[in-house]
Amino acid sequence: MKKERIITSLIFFAVVATSFYFGFHRLQNFSGVDEPLWSYDRVPRFWKVMKEMEWKKTALCDKPGVTLDAVSGIGLLGIKGDPKKMAEWRYQSKTPEQLQALGDLYFKLRFPVFLFTLAMLPVFYWLIKRLLGKNIARFSILFIGLSPVLLGISLMINTDALLWVLLPLTLLSFLVYQKENKRKFLYLSGFLLGLTLLDKYIGNIFVAFF
């Protein structure tokens with residue numbers, strides 16, 4: 001039993017270490033196509049209207065991206081300056097200080113998303129292990145955690161960065177419920193589906209499926 005746990009722990013360590021090695025330094029060194037919409041406007045605006053309790057204004061776009069705003073917005077706690085004003089720098093010549101401030105903004109808003117995706121790997125393992133067994137769960141974590149595509153999307157402030165996590169976890173939880181008939185997995189499926197729908201409406205496909 002102890003040997004089995006050591007093997008599983010080493011797999012998780014290898015996946016997390018590899019993700020940090022290839023991903024950590026990229027968190028502040030590039031900008032995705034629609035990321036400025038989130039970093040300069042939607043994420044800060046979401047938390048602003050939450051603070052002011054203007055609930056209707058939390059619907060910021062057609063995604064709706066609420067889950068992404070909630071996760072990424074944790075990084076706002078460490079940001080100095082107004083992200084909306086930083087948006088004005090995008091098409092101007094920038095000073096070294098401005099470049100540093102923009103890199104810091106992207107890093108702190110992306111880092112919570114990056115950590116969230118890594119933190120969900122044990123949940124993947126737990127559900128897949130109950131559904132298909134320990135060995136398949138281990139191989140699944142390797143393939144999921146070391147996928148270049150999934151690593152790349154987890155480095156962006158984008159609804160798809162969370163969608164690829166929440167959608168399969170919702171399905172896995174429901175399948176475990178079907179296998180074990182334990183209500184906690186049914187409740188977990190509903191909770192995860194709620195987070196999925198708050199992130200992106202494509203999660204509606206599971207309503208018909210369920």
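**Pockets, cavities and rings**

Author: In this predicted model, the largest pocket has a volume of about 170 Å³.

Reader: Which elements give two or more residues to the lining of the largest pocket?

Author: They are helix H2 (35–51) and helix H4 (83–86). The largest share, 6 residues, comes from H2. Among the lining residues are Tyr40, Asp41, Arg45, Lys48 and Lys84.

Reader: And how many charged residues are in that lining?

Author: The lining of the largest pocket has 6 charged residues, together with 4 nonpolar and no polar ones.

Reader: Moving on to cavities, how many of 30 Å³ or more are found in the whole structure?

Author: The search finds 1 cavity of 30 Å³ or more. The largest cavity has a volume of about 90 Å³. Its lining includes Ser19, Phe114, Leu118, Ile144, Leu151 and Trp164.

Reader: Which element gives the largest share of that lining?

Author: That is H5, with 3 residues. By class, the lining of the largest cavity has 7 nonpolar and 5 polar residues, and no charged ones.

Reader: Let us look at H5 itself. What is its length in residues, and how far does it reach?

Author: Helix H5 covers residues 96–119, which is 24 residues, and reaches 34 Å from its first C-alpha to its last, close to the 34 Å expected at 1.5 Å a residue.

Reader: Where does H5 bend?

Author: H5 bends by about 30° at Arg110, and Pro112, a proline, follows within four residues.

Reader: A change of topic: how many aromatic pairs are found in the whole structure?

Author: The search finds 17 aromatic pairs. In one of them, the ring centres of Phe46 and Trp47 are 5.5 Å apart and the planes stand at 90°, so this pair is edge-to-face.

Reader: Is Phe46 buried or exposed?

Author: Phe46 has 4% relative accessibility and therefore counts as buried. Trp47, at 34% relative accessible area, is partly exposed.

Reader: What kind of aromatic pair do Phe206 and Phe209 form?

Author: Phe206 and Phe209 form a tilted pair, with 6.1 Å centre to centre and 45° between the planes. These two residues are 3 residues apart in helix H11 (residues 204–209), so about one helical turn separates them. Phe206 is buried at 11% relative accessible area, whereas Phe209 is partly exposed at 49%.

Reader: Finally, which residues do ring pairs link into a cluster?

Author: Ring pairs link Phe20, Phe24, Phe107, Phe111 and Phe114 into a cluster. Phe114 is also among the residues that line the largest cavity.

Methods
Residues are numbered from 1 along each chain as its sequence is written. This is a predicted model: local features need pLDDT of at least 70, side-chain atom pairs count only at pLDDT 80 or more; totals for chains, interfaces and linings use all residues. Side-chain values use heavy atoms; hydrogens and water are left out. The expected span of a helix is 1.5 Å times one less than its number of residues. The bend at a residue is the angle between axes fitted to the seven residues ending there and the seven starting there. On a 1 Å grid over the protein atoms alone, a cavity is a set of points where a 1.4 Å probe fits but cannot get out, and a pocket is an open set with protein on both sides within 12 Å along at least five of seven lines; lining residues have an atom within 4 Å of a point. Grid points are joined across faces, edges and corners, and a volume is the space filled by probe spheres set on the points. Ala, Val, Leu, Ile, Met, Phe, Trp, Tyr, Cys and Pro count as nonpolar, Asp, Glu, Lys and Arg as charged, and the others, Gly among them, as polar. Rings of Phe, Tyr and Trp (its six-membered ring) pair if their centres lie within 6.5 Å; planes under 30 degrees apart count as stacked, over 60 as edge-to-face and the rest as tilted. Buried means under 20% relative accessible area, exposed over 50%, partly exposed in between (1.4 Å probe, protein chains only).
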